[in-house]
Amino acid sequence: MDRRRFLSWFGISWVAFAAATTGALSIVLRYLFPNVLFEPPTSFKAGFPSDYEVGVVDERWKEKYGAWIIRTAEGIYALATICTHLGCTPNWLSTENKFKCPCHGSGFYKTGINFEGPAPRPLERYRISLAEDGQILVDKSKKFQQEKGEWNNSESFLSL
Ligand code: FES
């Protein structure tokens, strides 16, 4: 084998070795850094009570945290944006003053109580409180169900 041919084979071998090493290294790195599902935090601060208008369904946290905040004359509650039929996300229809699920047509009053369609029970409420800085704190790790009488729990409603 002449010198030129030797160098050519040596170059090809070296490239193949580098490619194999890179492939193996990428597999090791993939093992060390697996796909991880990052869940959004279960609690969030939702601003100050004065940020919310009485009688209005506030949708600012719907996309990010899956919650509607509703302020009434008595206080504030946080409704889960999960239909109690099969889990779709209802829409708030302000002109009709109701939540309407696009999947099978369930309807819910502003309170979360179901009144039409196949949903078997009301929307759920999240734990709500005031943080030390005076902001509303919504904790999605704790839910309250109306049919179990849990809406009477003081943590399901923020009295003002
Ligand atoms: S999922 Fe909402 S009505 Fe079926």
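Analyst: Start with Lys-62. Lys-62 is buried, because its relative accessible area is 14% (buried means under 20%, exposed means over 50%, partly exposed is in between, with a 1.4 Å probe and protein chains only). The side chains of Glu-59 and Lys-62 meet in a salt bridge, at 3.9 Å from N to O. That term has a cut-off: a side-chain nitrogen of Lys or Arg lies within 4 Å of a carboxyl oxygen of Asp or Glu.

A word on the basis. This is a predicted model, in which local features need pLDDT of at least 70 and side-chain atom pairs count only at pLDDT 80 or more, while totals for chains, interfaces and linings use all residues. Residues are numbered from 1 along each chain as its sequence is written, and side-chain values use heavy atoms, with hydrogens and water left out.

Why do side chains pair like this? Side chains of opposite charge can pair when their charged atoms come close.

Now take Asp-139 and Arg-127. Their side chains form a salt bridge of 2.5 Å, N to O. This pair links distant parts of the chain: Asp-139 sits in strand β10 and Arg-127 in strand β9, 12 residues apart. (Strands are DSSP runs of E with at least two residues, helices are runs of H or I with at least four, and both are numbered from the N terminus.) Asp-139 counts as buried, because its relative accessibility is 12%. Arg-127 is at 24%, so it counts as partly exposed.

Some salt bridges share partners. Glu-96, Lys-98, Lys-100 and Glu-116 are joined in this way into one network.

How many salt bridges are found in the whole structure? The search gives 11. One of the pairs is Lys-45 with Asp-133, whose side chains meet at 2.9 Å, N to O. Lys-45 is in strand β1 (residues 43-45), and Asp-133 is in the loop between β9 (125-130) and β10 (136-144), so the pair ties together parts that are 88 residues apart in sequence. Are these two ends buried or partly exposed? Lys-45 is partly exposed, with 41% relative accessibility. Asp-133 is partly exposed as well, with 37%.

To recap, Lys-62 and Asp-139 are buried.
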